[in-house]
Amino acid sequence: MLVYAPLLVRVVTANFARAITLYPFVLIRRKEDKHNQRLLNHERIHLKQQKELWVLPFYICYLWEYLKGRFSGKNHYQAYRNISFEKEAFGNENDSEYLSRRKRLAFRRYR
């Protein structure tokens with residue numbers, strides 16, 4: 001479900017992201033992003049990842065990978081882009097057919 005929630009997106013992401021997926025919602029910061037197919041596809045990939053891992057384990061793994069990156073000396077952006085869930089989403093956000101052929105737990109290939 002797509003929700004326009006600019007303040008919440010800013011607060012949760014420390015003003016970093018244009019959208020965030022908090023299962024089962026995709027929260028967007030800008031109204032015009034409801035038509036941004038690349039961004040929405042990216043977030044739909046995260047919905048699938050969260051559903052596969054039963055949501056809470058997804059967030060635990062996501063945070064663990066981010067912190068691992070930060071403690072290894074990466075800056076915020078580098079640590080974020082090195083998360084396997086983000087690698088999968090960024091790598092396939094331009095492919096509107098990706099989710100129809102995506103294999104279960106596909107994010108593991110991006111570790």
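Which element gives the largest share of the lining of the second largest pocket? Helix 3 does, with 5 residues. The structure is a predicted model.

**Largest pocket**

- The space in the largest pocket comes to about 720 Å³.
- Its lining is made up of 27 residues, and those nearest the centre are Thr13, Ala17, Tyr62, Tyr80 and Glu86.
- At least two lining residues come from each of strand 2 (19-22), helix 2 (37-52), helix 3 (56-71), helix 4 (76-81) and helix 5 (84-92).
- Among the contributors to the largest pocket, helix 2 gives the most, namely 6 residues.
- Sorted by class, the lining of the largest pocket holds 16 nonpolar, 6 polar and 5 charged residues.

**Second largest pocket**

- The second largest pocket holds about 180 Å³ of space.
- A set of 13 residues lines the second largest pocket, with Glu65, Lys68, Asn82, Ser84 and Arg111 nearest its centre.
- Helix 3 and helix 5 are the elements that supply two or more residues to this lining.
- The classes in the lining of the second largest pocket are 5 nonpolar, 4 polar and 4 charged residues.

**Aromatic pairs**

- Across the whole structure, a search finds 9 aromatic pairs.
- One of them joins Phe16 and Tyr80: the ring centres are 5.0 Å apart and the planes meet at 85°, so the pair is edge-to-face, given that angles over 60 degrees count as such.
- Phe16 belongs to the loop between helix 1 (6-12) and strand 2, while Tyr80 belongs to helix 4, so the pair ties together parts that lie 64 residues apart in sequence.

**Charge over a ring**

- Arg81 has its charged end over the ring of Phe90, at 3.6 Å from the ring centre.

Definitions and conventions
Residues numbered from 1 in each chain as written. Predicted model: local features only at pLDDT ≥ 70, side-chain atom pairs only at ≥ 80, totals over all residues. Heavy atoms only, no water. 1 Å grid on protein atoms, 1.4 Å probe; cavity = no way out; pocket = protein on both sides within 12 Å on 5 of 7 lines; lining within 4 Å. Points joined across faces, edges and corners; volume = space filled by probe spheres on them. Helix = DSSP H or I, 4+ residues; strand = E, 2+ residues; numbered from the N terminus. Nonpolar A, V, L, I, M, F, W, Y, C, P; charged D, E, K, R; others polar. Phe/Tyr/Trp six-rings, centres within 6.5 Å; stacked < 30°, edge-to-face > 60°. Lys NZ or Arg CZ within 6 Å of the ring centre and 35° of its normal.
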